[in-house]
Protein chains: 2
Amino acid sequence: MKRNYKKSIKVFAPGTVSNVGCGFDTIGFALNEPGEIVIVSLRNDDKIVIKKITGDNGTIPYNLKKNTASVAVSSFLKKYNGRNIGVDIEIRKKMPTGGGLGSSAASAVAAVYGLNKLLGSPFKKNELLNFAMDGEAIASGGIHADNVAPALLGGITLIRDYNPIDIIKIPAPKNLYCIVLHSNVIVETKKARKLIKSEISLKSARKHFGNMGTLIAGFYESDFEKIGKAIEDEISEPARSKLIPGFYDIKNAALNAGAYGCSISGSGPSIFAFSKTKKDAEVIGKAMGKVAHSHNLKTKTFISTVNNIGPKIIS
Amino acid sequence: MKRNYKKSIKVFAPGTVSNVGCGFDTIGFALNEPGEIVIVSLRNDDKIVIKKITGDNGTIPYNLKKNTASVAVSSFLKKYNGRNIGVDIEIRKKMPTGGGLGSSAASAVAAVYGLNKLLGSPFKKNELLNFAMDGEAIASGGIHADNVAPALLGGITLIRDYNPIDIIKIPAPKNLYCIVLHSNVIVETKKARKLIKSEISLKSARKHFGNMGTLIAGFYESDFEKIGKAIEDEISEPARSKLIPGFYDIKNAALNAGAYGCSISGSGPSIFAFSKTKKDAEVIGKAMGKVAHSHNLKTKTFISTVNNIGPKIIS
């Protein structure tokens, strides 16, 4: 069966950790789990239809103009010079929405990646970025690529510029384990964005410059000490931590258990930390969970190396 | 003759390019030329005396509290637990003061490096950093290490943090040629600092984060395209370029001649650009000079790879 004759495709796209402490809106990386699944099917007419959404507790809109997957698909089709195409979309949410793990970006990426495959890959992988970004803009209230880029391209990605979009891939240490503690606090991306001031002090900026450089150096050298100390955030964490009960206790628990850095993933409430081994990751995850529970949070822990692949066809 | 019995030492410390476009106050690198020469001699009493300053057109103060070399030496001696030490200092300025090439930092570094050698190296090289920074503070009106660190340690240095000081060394591509165009515009570091606003927009900060990451990636990968495009500056260049007649014409001439990035070195007026070969560097230097002359600037051009050594004993 040739790909371009396939009528339906099921795609996994990875969840992502963005900001990574010092890199507000510029750096992110993909996880092996969790992620989102989207099933894209070609229709006989030219409509886009969201057939089904599961696993979202009713939080994801069926409205075509408000759903990141359908907006991304619509953006794709506007650029596609084929015959009129209609698409059915089924979204299987496997991770919490509003979790700070790029759930909405993953759905947008899975949808356009799947549609591109169904149509015989008229676009290169990196050309799909703008479509997914259009989708993501609906959820985040602005043009952002720090979740979309790693979800689509895999690995660690740096957004050098938006105009035009310029993504730099950064090598991920093989044994870089990421612990993600998700909790049941509800943080809406748009609201979390509004907590961030539009100006920062030059002093804070300088600190971020130094840490950005150190983080990238740490990734190139697989130097966990450098990575760990570069995870500092004077922009997002001071504001968004207020939305997460016990955040600093959880962070301290992670660091005391040996984590190389710990901060908020994206807009939160998910909290990420790094370790050098899976065993350490499990110890750190447990320590974080224990403190979170003492703050009455319900949590789920994910442990993952960096996903260097991006989206994956399941069937 | 044992080093610690030597009575007098002549030291070269390199000029440095700081900021490097995107890394305001955090990144810098050392040049092979120009640099400063300081002769340090032990006295029989416990006085610090500036014996002679040449090549400065009378701009460098003999006042012990206002001279970066003597302040650095004084800071060194306060920490040194030896008998009372007296030092004669002779400063031979080989590069223009107020040039944006870390002239004052180089003198401070050369002085403490020389004194340490004369005393049998009681301090490790990186321990000299704080003494040189104390000296540099007199010239720049604040604690800065972006010239002092590369002048002392050589290579490309990143200031991750000031409290406590944390310097990260970044590898320099072997064939990274730096063109420096010095001109006769007088820019005082302290005044140039005052042009910089104490807050920046988050949008500008994000751009700098992306470029910082890209610049470091470019250095690790010897990727000149990355290095070149990362040389963007929304903090210092827009303000300080106003002090340099024809700055944007000179910059455009460099880029049109094939430079990988071009911006102001430190506080200016020196302008730096990168190339991949010495031949290209010469072409770029000439193009920059030609435009500068049309703006009635008197110029001097230096071409250098990155100096990975730092200070050097001449005799």
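Contact means heavy atoms within 4.5 Å. By that criterion, 40 residues of chain A are in contact with 40 residues of chain B. The model is a predicted one.

Q: What makes up the area between chain A and chain B, and how much do they bury?
A: The two chains bury about 3100 Å² between them, and 63% of it is on carbon and sulfur atoms.

Q: Why is the pair Asp166(A) and Lys229(B) called a salt bridge?
A: The rule asks for a side-chain nitrogen of Lys or Arg within 4 Å of a carboxyl oxygen of Asp or Glu. In this pair the closest N and O atoms are 2.9 Å apart, so the pair qualifies. Across the interface of chain A and chain B the rule finds six salt bridges. It also finds 13 residue pairs in polar contact there.

Q: Which elements of chain A give two or more residues to the side that touches chain B?
A: They are strands E5 (156–162), E6 (165–170) and E8 (199–201), with helices H6 (202–221) and H7 (224–230). H6(A) gives the most, with 15 residues.

Q: Is Asp25(A) buried or exposed, and why?
A: Asp25(A) has 1% relative accessibility, and buried means under 20%, so Asp25(A) is buried. Asp25(A) sits in the loop between strand E1 (8–18) and strand E2 (27–43) of chain A. Residues that Asp25(A) touches, beyond four places away in sequence, include Tyr162(A), Arg193(A) and, from the other chain, Arg206(B).

Q: What makes the pair of Asp25(A) and His144(A) side chains a polar contact?
A: The distance is 3.4 Å, and the cut-off for a pair of N or O atoms is within 3.5 Å.

Q: Why is the ring pair of Phe76(A) and Tyr80(A) called tilted?
A: The centres are 6.1 Å apart, within the 6.5 Å limit, so the rings pair. Phe76(A) is buried, at 0% relative accessibility.

Q: What makes the pair of Phe123(A) and Phe131(A) edge-to-face?
A: The angle between the planes is 70°, and over 60 degrees counts as edge-to-face. The distance is 5.0 Å centre to centre. Phe123(A) and Phe131(A) are both buried. Phe76(A), Tyr80(A), Phe123(A) and Phe131(A) form one aromatic cluster. Over all chains, the structure holds 18 aromatic pairs.

Q: How do you know that Lys312(A) lies over the face of Phe12(A)?
A: The distance from the ring centre is 5.4 Å, and the rule asks for within 6 Å, along with an angle within 35 degrees of the ring normal. In chain B, Lys312(B) lies over the face of Phe12(B), at 5.4 Å from the ring centre.

Q: Why is Asn296(A) called exposed?
A: Its relative accessibility is 69%, and exposed means over 50%, so Asn296(A) is exposed. Phi of Asn296(A) is near 65°, a positive value in a residue other than glycine. Most residues other than glycine have a negative phi.

Q: What makes Asn57(B) exposed?
A: Asn57(B) has a relative accessible area of 78%, which is over 50%. Asn57(B) has a positive phi of about 50°, and is found in the loop between strand E3 (48–54) and helix H1 (68–79) of chain B.

How values were computed. Residues are numbered from 1 along each chain as its sequence is written. Chains are lettered from A and ligands numbered from 1 in the order in which they are written. This is a predicted model: local features need pLDDT of at least 70, side-chain atom pairs count only at pLDDT 80 or more; totals for chains, interfaces and linings use all residues. Side-chain values use heavy atoms; hydrogens and water are left out. Helices (H or I, at least four residues) and strands (E, at least two) are DSSP runs, numbered from the N terminus. Buried means under 20% relative accessible area, exposed over 50%, partly exposed in between (1.4 Å probe, protein chains only). A polar contact is a pair of N or O atoms within 3.5 Å; within protein, one must be able to donate a hydrogen and the other to accept it, and residues adjacent in sequence count only if both atoms are side-chain atoms. Rings of Phe, Tyr and Trp (its six-membered ring) pair if their centres lie within 6.5 Å; planes under 30 degrees apart count as stacked, over 60 as edge-to-face and the rest as tilted. Buried area is the accessible area (1.4 Å probe) that two parts lose on being put together, summed over both.
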